[in-house]
Amino acid sequence: MAGTSPGARFYRQIKRHPGLIPMIGFICLGMGSAGLYLLRLALRSPDVCWDRKNNPEPWNRMSPNDQYKFLAVSTDYKKLKKDRPDF
């Protein structure tokens, strides 16, 4: 047991307990979804600034009809008007 690799031990556990396969699948699906959502937040959110030299305040360059929320239930972004001043 001490000389076996973790992959071999994992495979042996899966062979003995096949009920673990769906649980491992759902855990991997959840971790993958969380990772993709964090990547989307890092790349698409106006609160995150990756290039401070060329675009120091990205939230000021957002037009009112840019949808940056993940889910907008009752908001039609095409009909919104600009209600803030330009800086």
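The following legends describe close-up views of a predicted model.

**View 1. The chain as a whole.** The secondary structure of this predicted chain consists of 2 helices and 0 strands. Of its 87 residues, 7% are buried. The accessible surface amounts to about 7,900 Å², and carbon and sulfur atoms contribute 61% of that area. Among contacts with a separation of 6 or more, 12% join residues 24 or more positions apart.

**View 2. The annotated segment, residues 20–43.** An unreviewed UniProt entry lists residues 20–43 as a "transmembrane region". In the model this span is 100% helix and 0% strand. Helix H2 itself comprises residues 20–44.

View 3. Leu 20 belongs to helix H2. The residue counts as partly exposed because its relative accessibility is 28%, a value between the limits of 20% for buried and 50% for exposed. When neighbours within four places in sequence are set aside, Leu 20 is in contact with Gln 13 and Ile 14.

View 4. Leu 43 contributes to a nonpolar surface patch of about 570 Å².

Terms used:
Residues numbered from 1 in each chain as written. Predicted model: local features only at pLDDT ≥ 70, side-chain atom pairs only at ≥ 80, totals over all residues. Heavy atoms only, no water. UniProt positions renumbered as here; feature names shortened; annotations may be inferred. Helix = DSSP H or I, 4+ residues; strand = E, 2+ residues; numbered from the N terminus. Buried < 20%, exposed > 50% of the residue type's maximum accessible area, 1.4 Å probe, protein only. Contact = heavy atoms within 4.5 Å. Patch = residues over 30% accessible without salt bridge, like charges linked within 9 Å, V, L, I, M, F, W, Y side chains within 5 Å. Areas by Shrake-Rupley, 256 points an atom, 1.4 Å probe, with all protein chains shown as cover. Salt bridge = Lys/Arg side-chain N within 4 Å of Asp/Glu carboxyl O.
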